[in-house]
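Q: I would like to learn how to read a structural model feature by feature, with the general idea given before the particular case. Could we take the chain shown below as our example?

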Amino acid sequence: MSKSKITAKGLTFEPFLLREEIAKQVNRVAEEIKRDCGNEAPLFLCVLNGAFVFAADLFRACDIAGSEIAFIRYKSYEGMSTTGKVRQVLGLEEDLTDRTIIIVEDIVDTGITAKALIADLKVKNPKSVKFATLLFKPESLQTDAVPDYVGFEIPSKFIIGYGLDVDGECRNLSDIYVLSEDCDTAE
């Protein structure tokens, strides 16, 4: 990779996934969703804040007539680690009855947020609920919330860029960076 390391919040990150690789996987996931939806126009449900970049690119790539996008916010992270507790910060106002829902998330690691979100949505009587994530850390999964659509399976490492942040910074990076192995995080 030709990109150089970056520093954010006193931590060093190195290139992990370049924008060209990301775009290719976003288009692949979009094709899978279009195939599975057939003639149905799903409601894409973007989980803020991290998934907004992926959701925008995926929503455009799907180009299914009549599709809509809505936003919800759940929070389970503080800094670089999960709290283990999920709370809804921004709720959903749309009627989900008999609708096909595609949850769009930036990353699934423990699956705790995914499981809570799916359970919350199922009580609203949707026709179906599918889960799309750009990044999936299967070795970190602690629930049965396995995504239906996955851009990349990655190891359990801390990453930033393309919507993912470190304390609110670096969401605007076009590439995804991983915390450098030689970076000391024990401060």
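Q: How many disulfides does the structure hold?
A: In general, a disulfide is a covalent bond between the sulfur atoms of two cysteines. Here the term is applied to a pair of cysteine sulfur atoms within 2.5 Å, and the structure holds zero of them. This is a predicted model, in which local features need pLDDT of at least 70 and side-chain atom pairs count only at pLDDT 80 or more, while totals for chains, interfaces and linings use all residues. Residues are numbered from 1 along each chain as its sequence is written, and side-chain values use heavy atoms, with hydrogens and water left out.

Q: Is Cys-62 buried or exposed?
A: A residue is called buried under 20% relative accessible area, exposed over 50%, and partly exposed in between, using a 1.4 Å probe and protein chains only. Cys-62, at 1% relative accessibility, counts as buried, and Cys-170, with a relative accessible area of 14%, is buried as well. Across the protein chain, 47% of the 187 residues count as buried.

Q: Which residues of helix H3 are buried, and where do they lie around its axis?
A: An α-helix has 3.6 residues a turn, so residues three or four places apart point the same way. In helix H3, which spans residues 112–122, the buried residues are Thr-113, Ala-114, Leu-117 and Leu-121. Seen down the axis of H3, these buried residues fall within an arc of 100 degrees (taken from the directions from the helix axis to the C-beta atoms), so they line one face of the helix. Helices (H or I, at least four residues) and strands (E, at least two) are DSSP runs numbered from the N terminus, and the protein chain has three helices and ten strands.

Q: Which residues is Ala-70 in contact with, beyond its neighbours within four places in sequence?
A: Contact means heavy atoms within 4.5 Å. Ala-70, found in strand E4 (residues 68–78), is buried at 3% relative accessibility, and, with those neighbours left aside, it is in contact with Leu-43, Phe-44, Leu-45, Cys-46, Leu-92 and Glu-94. Ala-70 and Leu-92 are 22 residues apart in sequence, yet their C-alpha atoms are 7.6 Å apart in space.
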